[in-house]
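Trainee: I am new to this structure and would like to learn how to read it. Could we go through it together, one feature at a time?

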Amino acid sequence: MSALTPQSDMPTPTTDKITQAAMETIYLCKFRVSMDGEWLCLRELDDISLTPDPEPTHEDPNYLMANERMNLMNMAKLSIKGLIESALNLGRTLDSDYAPLQQFFVVMEHCLKHGLKAKKTFLGQNKSFWGPLELVEKLVPEAAEITASVKDLPGLKTPVGRGRAWLRLALMQKKLSEYMKALINRKDLLSEFYEPNALMMEEEGAIIAGLLVGLNVIDANFCMKGEDLDSQVGVIDFSMYLKDGNSTKGSEGDGQITAILDQKNYVEELNRHLSATVNNLQAKVDALEKSNTKLTEELAVANNRIITLQEEMERVKEESSYILESNRKVGVTKDRTADGHALTEARKQLKEETQLRLDVEKELEVQIGMRQEMELAMKMLEKDVCEKQDALVALRQQLDDLRALKHELSFKLQSSDMGVKQKSELNSRLEEKTNQMAATIKQLEQSEKDLVKQAKTLNSAANKLIQKHH
């Protein structure tokens, strides 16, 4: 990822924008993505022989953007093809945890982000592909339902999260290809959001929109949460498609060791992801427990308030009865004038007490309603806590299973290493024995030569004796 900017003395603003867009993608402009059957090949551009004709250099922004468009198109081809084949082999409805489906959305997100113009806000520059997707409802009225559902989805706080939710809903409707084609055909509207050499403005965008038609044969069902869509990290996992073209020949043992190492790395990454998920769920459970405790305390205070109001109402009733009884006694003992005055005062006080009683009853009804609402909220919170605890237990079980799988793979890796060491030792022993046998053969050959010489000597001596005897 060395300097991607053009090496010129005075870079123009347009060149800076294009170069910045190129640097924000995860695609290395020093590499070219190509397809080898069903696999992905990364080839360094420095290894590609160039014709002597004048061509754009590797540092030219237009060349870099064209290379990125080609890389994204090849990645989209591989992702869509792999998703369709795996979904048909699986034979069931896909959910959000299906790895090829996750990778497809990551690739689509990078396609939509390619060449996106940065909009200035009071918080700085912001890039989001939610703006272009909002245009679809103006071009295709059927997409208005998706846009409304995304805006009403609770928990979504960022434009990136809304864009991700829109892609998933469009795939569930099996109209993602139709919406993308309608959007790409209106380049006059897209020019407000994209640079002229962005993928959505070039031929590669139309090719990807045509490839999306094949996804209408699969069924998908997602349980979307705003927090998850906002916090996802869109990184393409090249290991699902990558194949090294230079290492087509290798021993079977090396291939098995490589596969075990890849599985081990994948399990460790998944283990870290699940641990982070468990920690997040544990934090949510703790927050819910604190909220539950707070609501319980508020409910207890409300119950005490209701009991106090009931006691005050009983006391007001007793005082009213006492005042009426006193008025009757005063009417018997005093004259008619005093009777009228006392009766007026008693009626006035009775009216005030009655009004006070009505107010107390209204407040009691309000408190009873609040108590019922608090009880309902408590039940809902308890249900939510139970569901979260069940999910936490399931995730912990998955984490334990993954740890067991990790230990098993580690054991297999150690066994493979021991087998390789044993083979190496056996090979060295065989070489030593071969050397020893070669030395022995040489000694035997030398001994044979000596015996031949001795035989010749004896033969000549025998001939001499025979001649003397004659």
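Trainee: Is Lys 174 buried, partly exposed or exposed?

Mentor: Buried means under 20% relative accessible area, exposed over 50%, and partly exposed in between, with a 1.4 Å probe and protein chains only. At 33% relative accessibility, Lys 174 is therefore partly exposed. Lys 174 sits in the loop between H7 and H8, and has a positive phi of about 60° although it is not a glycine. Before we go on: this is a predicted model, where local features need pLDDT of at least 70, side-chain atom pairs count only at pLDDT 80 or more, and totals for chains, interfaces and linings use all residues. Residues are numbered from 1 along each chain as its sequence is written, and side-chain values use heavy atoms, with hydrogens and water left out.

Trainee: How many helices and strands are there in the protein chain?

Mentor: Helices (H or I, at least four residues) and strands (E, at least two) are DSSP runs, numbered from the N terminus. The protein chain has 13 helices and four strands. Of its 470 residues, 31% count as buried.

Trainee: How many residues of H3 are buried, and what covers them?

Mentor: Twelve of the 15 are buried, so H3 is largely enclosed by the rest of the structure. Contact means heavy atoms within 4.5 Å, and the cover over these buried residues includes H2, H4, H7, H8 and H10. Take Val 107, found in helix H3: Val 107 counts as buried because its relative accessibility is 2%. Not counting residues up to four places away in sequence, Val 107 touches Met 75, Ala 76, Ser 79 and Ile 236. Val 107 and Met 75 are 32 residues apart in sequence, yet 7.0 Å apart in space, C-alpha to C-alpha.

Trainee: Which residues touch the most other members in the largest nonpolar core?

Mentor: In soluble globular proteins, nonpolar side chains tend to be buried together. A nonpolar core is a set of buried Ala, Val, Leu, Ile, Met, Phe, Trp, Tyr and Cys residues joined through side-chain atoms within 4.5 Å. The largest one here has 59 residues, and Phe 104, Trp 166, Tyr 194, Met 200 and Leu 215 touch the most other members. Apart from it lies another core of seven residues, including Leu 274 and Leu 399.

Trainee: What about disulfides: how many does the count give?

Mentor: A disulfide is a covalent bond between the sulfur atoms of two cysteines. The rule asks for a pair of cysteine sulfur atoms within 2.5 Å, and the count comes to zero. As for individual cysteines, Cys 111 is buried at 2% relative accessibility, while Cys 386 is partly exposed at 41%.
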